[in-house]
Amino acid sequence: MSDIEAPFLAKLKGGDEAAFAGLVADLGPGLLDFARTFTSSTALAEDIVQETWLAVIRGLHAFEARASLKTWIFSILVRRARTIAARDARLHARAAARAAEVEWEPGQGRRGLWDDTPLPWSVDDPEAIHQSQEALLVLQTALDRLPEMQRQVVLLRDVEGLSAADVCNILALSETNVRVILHRGRAKLRQALDRYMRDGATSDGAAPSEITGRVAARGIR
Amino acid sequence: MNCYEAIDLMGDAIESRVPSESRAGFEEHLEECPACGTYFEQLRSTVSALARLPRRGDSGVLTQDLLDAFRRRPR
């Protein structure tokens, strides 16, 4: 446990309501996004988060901080979600529809990563792509469409910023598995951004010229 | 280093964790191979954009139900 976390945990265990409200404000939105990976229903995702918090409250007095508070809470969510979402039949239909995709494997080179040779995006600084609200929307849409496991690993590792070891613990996956799944997911997201940067293909079907104009207005091109 | 080896190291490279014995070969490959170089740069941009995704919904609000449960929590 970090030095910062110990006093905070003591407050929580002591019944400090402001500390608990702070925890909910801090982790709630990320937990809901993560819960959405287990179900296509927003209402069900909200139930999963609610049940997670109730389990956190019940387990708080016995929490021994072997993992960080955040890792512990996300682990609880996985257990609640797997129980609850197992009843959500739509999830299985979605997974089956995607089985045919070519997935990257270590040692297989670019297979599953790119078909057309990657060309530089015509921007001064590709790192600045996050300054475009539209690019972030393209990214969010592509993230929502990833196969379940890839979406979960990318969310925890890249969006939540948890360590690789924490991601392994939360999802009960080996380190090798997490690395492969992470690259598969990131590769698809890069491809979505690439398509958008190249011909302005967005989820809302706006015309490429319109996008170029909008992106230019934000100083990306 | 060839494309196959370089691609397998890209995940480590994003976290600056390429083993030291492979580092020079990896960087050399990215400079020599436009496809891998461009791909890696875009992969890194993708990852840094992911860290900045805005959150959805108002699920960070402490509801009365949760507050009541917190007050009744086991000690």
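Helix 3 of chain A (residues 42-59) has 18 residues and reaches 26 Å from its first C-alpha to its last, close to the 26 Å expected at 1.5 Å a residue (1.5 Å times one less than the number of residues). Helices are DSSP runs of H or I of at least four residues, and strands are E runs of at least two, numbered from the N terminus. This is a predicted model, in which local features need pLDDT of at least 70, side-chain atom pairs count only at pLDDT 80 or more, and totals for chains, interfaces and linings use all residues. Residues are numbered from 1 along each chain as its sequence is written, and chains are lettered from A in the order in which they are written.

**Helix 3 of chain A**
- Its buried residues (20 or more other C-beta atoms within 10 Å of their own, C-beta atoms being placed from the backbone) are A:Ala45, A:Ile48, A:Val49, A:Thr52, A:Trp53, A:Val56 and A:Ile57.
- The cover over these buried residues includes helix 2 (17-35) and helix 4 (69-85) of chain A, together with helix 4 (64-71) of chain B.

**Chain B**
- Chain B comprises 4 helices and 0 strands.
- The radius of gyration of chain B, 22 Å, is well over the 11 Å that the globule rule gives for 75 residues, so chain B is more spread out than a compact globule (C-alpha atoms; 2.2 Å times the number of residues to the power 0.38).
- The C-alpha trace of chain B spans about 60 × 30 × 15 Å along its principal axes.
- Of the 75 residues of chain B, 28% count as buried.

Conventions:
A residue is buried if 20 or more other C-beta atoms lie within 10 Å of its own, exposed if 12 or fewer, and partly exposed in between; C-beta atoms are placed from the backbone. Two residues are in contact if their C-beta atoms, placed from the backbone, lie within 7 Å.
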